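Please keep the sequence and the coordinates at hand while reading.

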Amino acid sequence: MAKIPQKWLVVITVLLGTFTIILNNSMLNPAVPHLMNVFEADAVATGWVITIFMVTMGMIMPLTGFLGDKFGKKQLYIAGLTLFILGSILGSLSWDLSSLIFFRGLQGVGGGVMMPLSLALIFEAFPKKERGLATGVWGIAAMMAPTIGPTLGGVIIEMGSWEWLFLFNIPTGVLGLVFSIIYLKQTEKVPNIRFDRWGFLTVTLGVGSMLYALGRVSELDHLRDWTNISLLLLGLVSLFLFVRIENQVSQPLLDLSIFKIPAYTYSVWVAMISSISLFGGIFLLPLLIQQVYGLGAIMTGLTFLPAALLTGIFMTIGGKLLDRQGPAAIVTTGLTIVAVGTLLLGFIGMDTAIWVIFLLNAVRGIGMGLSTMPATTAGMNSIPEKFVSRGSAMNNVLRQMSSALGIVFVSIYFEVRRAQVMASNGQSIEEASLTAITEGFMIIAVLAFLSIPAGILLGREYKKQNEREATIGGDQDENESNKEGKQRDMRGHAR
């Protein structure tokens, strides 16, 4: 490790933690039916194993900026990873469904602390011109884990026992903890910082209510449930109050003024659409492979493998290009590739060869790699350094909510549209499922196309800001040079 630069050891450290968190969550998704049998519970109760993680993670994320400034980012990251490992150990020892849900909640709190801090720690270790490649390498974990996790989880369930879904986290988690203690640097604490309790209460209630409601919705009837309606309304009202509070207090929990920086705002829009596209595909493709083509879980996992590998490769390429050229060309190209690849998935048929599905999803992976992390990095580079932790937290919260919203929309559309097609056209369930799936891909493609202008505008704003900073830097250098010249003249006169 001595030959690896310190800043890259930071990337390796946070990559281990991030990969562990996301992989574990994606492994558990296909295990819900198995857990229903193990604990003799219904789908609604067992679904809490997934929902509680999403809710607790989303609720704690807005707090990470304040806690990182108050106690130090390294200490907070280590605490989050320790809590996640503890939740994993206790989860494997769960004696009933309630205890399993509780320990998953602990995991969610730990993950909610770590995810925003991962990006903030990388930004502290790297100068602006090198962050693209660094976040590209780190982003491999964030993009690959959701694609390989379901397959790995299915293999563990088939060949072992459910406890290994939690024990699988321990080796990489402990390794990440050791690396964190050794290689993460102590960060400066912010003195005299005050806790925005009303902002915390409203954003926690708002995000928690919204994510809880979205986690309960998987078909149209759920949207008519008054509990879900009340939760969504409570979430919207709470978030509205949160915005009002943050615009008035002197030390807000999340400084919303960063949205006045256009480059950051455009990057968040790109991140949200990318999340919807990614998780919409993760939902629709297994339905296509298994329900339409009648293939198994292993083939489903293989469908995601080329996309995951290409996402990782092109994420590093996109990061390098961002550092050299800025986001304009690379992000726009990536978004276009995602949109075209997704649109083509909307034209497949019952006789489409499986290799075509592999190819089109791989194309989407290339686009994701070129657009997602470069856009996020460019947006984070555009905000003041002191807001990096809070900007990262905001980005993660909005990605979390948009991915949940995307899955809810796609799942409801699939169920409703399939039933309509079967009732009106008398098609088989496979044909009706195919119609609903392809239309779902077309809707996602439209959203992806709508994000392309945001990529163009992000590039323009990023360029303008760099030019302004260069001008200010040049003026400062000129002033320093003039001062030095005057000092030399004064010394000359004195002699």
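## Isoleucine 366 and helix 17

Isoleucine 366 is part of helix 17, which covers residues 354–381. The model is a predicted one, and the values in this report are to be read with that in mind. Once residues up to four places away in sequence are left out, isoleucine 366 is in contact with Leu310, Phe314 and Ile337.

## Helix 16 and leucine 345

Helix 16 comprises residues 327–345, and its 19 residues reach 27 Å from the first C-alpha to the last, close to the 27 Å expected at 1.5 Å a residue. The buried residues of helix 16 are Pro327, Ile330, Val331, Thr332, Gly334, Leu335, Val338, Ala339, Gly341, Thr342 and Leu345.

Apart from residues up to four places away in sequence, leucine 345 touches Ile357, Leu360, Arg364, Thr438 and Phe441. With leucine 285 the separation is 60 residues in sequence and 9.7 Å in space, taken from C-alpha to C-alpha.

## Helix 11 and its cover

Helix 11, made of residues 197–215, has 19 residues and reaches 26 Å between its first and last C-alpha, close to the 27 Å expected at 1.5 Å a residue. Its buried residues are Gly199, Thr202, Val203, Thr204, Gly206, Val207, Gly208, Ser209, Met210, Leu211, Ala213 and Leu214. The elements that cover these buried residues include helix 4 (48–60), helix 13 (226–246) and helix 18 (388–425).

## Cavities and a pocket

How many cavities of 30 Å³ or more does a search of the whole structure find? The search returns 3 cavities, and the second largest cavity has a volume of about 40 Å³. The lining of the second largest cavity consists of Lys128, Asn381, Ser382, Tyr462, Gln465, Asn466 and Glu469, and these residues divide into 1 nonpolar, 4 polar and 2 charged. Helix 19 (residues 429–494) gives the most to this lining, with 4 residues.

The second largest pocket has a volume of about 460 Å³. Its lining is formed by 23 residues, and Asp69, Val190, Lys386, Phe387 and Arg390 are those that lie nearest its centre. Helix 7 (97–125) and helix 18 each supply at least two residues of this lining, whose residues divide into 8 nonpolar, 5 polar and 10 charged.

## Aromatic pairs

The count of aromatic pairs comes to 11. In one of them, the rings of tryptophan 162 and phenylalanine 166 have their centres 6.2 Å apart and their planes at 90 degrees, so the pair is edge-to-face, the angle being over the 60 degrees required for that class. Ring pairs also join Phe39 with Trp162 and Phe166 in a cluster. Tryptophan 162 counts as buried at 7% relative accessibility, and phenylalanine 166 counts as buried at 0%.

## Two residues with accessible surface

Glutamate 40 is placed in the loop between helix 2 (32–39) and helix 3 (43–46). Its phi is near 50 degrees, a positive value in a residue other than glycine. As background, most residues other than glycine have a negative phi. Is glutamate 40 buried or exposed? At 76% relative accessibility, glutamate 40 counts as exposed.

Threonine 151 is found in helix 8, which covers residues 131–159, and at 23% relative accessibility it counts as partly exposed.

Note on methods:
Residues are numbered from 1 along each chain as its sequence is written. This is a predicted model: local features need pLDDT of at least 70, side-chain atom pairs count only at pLDDT 80 or more; totals for chains, interfaces and linings use all residues. Side-chain values use heavy atoms; hydrogens and water are left out. On a 1 Å grid over the protein atoms alone, a cavity is a set of points where a 1.4 Å probe fits but cannot get out, and a pocket is an open set with protein on both sides within 12 Å along at least five of seven lines; lining residues have an atom within 4 Å of a point. Grid points are joined across faces, edges and corners, and a volume is the space filled by probe spheres set on the points. Ala, Val, Leu, Ile, Met, Phe, Trp, Tyr, Cys and Pro count as nonpolar, Asp, Glu, Lys and Arg as charged, and the others, Gly among them, as polar. The expected span of a helix is 1.5 Å times one less than its number of residues. Buried means under 20% relative accessible area, exposed over 50%, partly exposed in between (1.4 Å probe, protein chains only). Contact means heavy atoms within 4.5 Å. Rings of Phe, Tyr and Trp (its six-membered ring) pair if their centres lie within 6.5 Å; planes under 30 degrees apart count as stacked, over 60 as edge-to-face and the rest as tilted.
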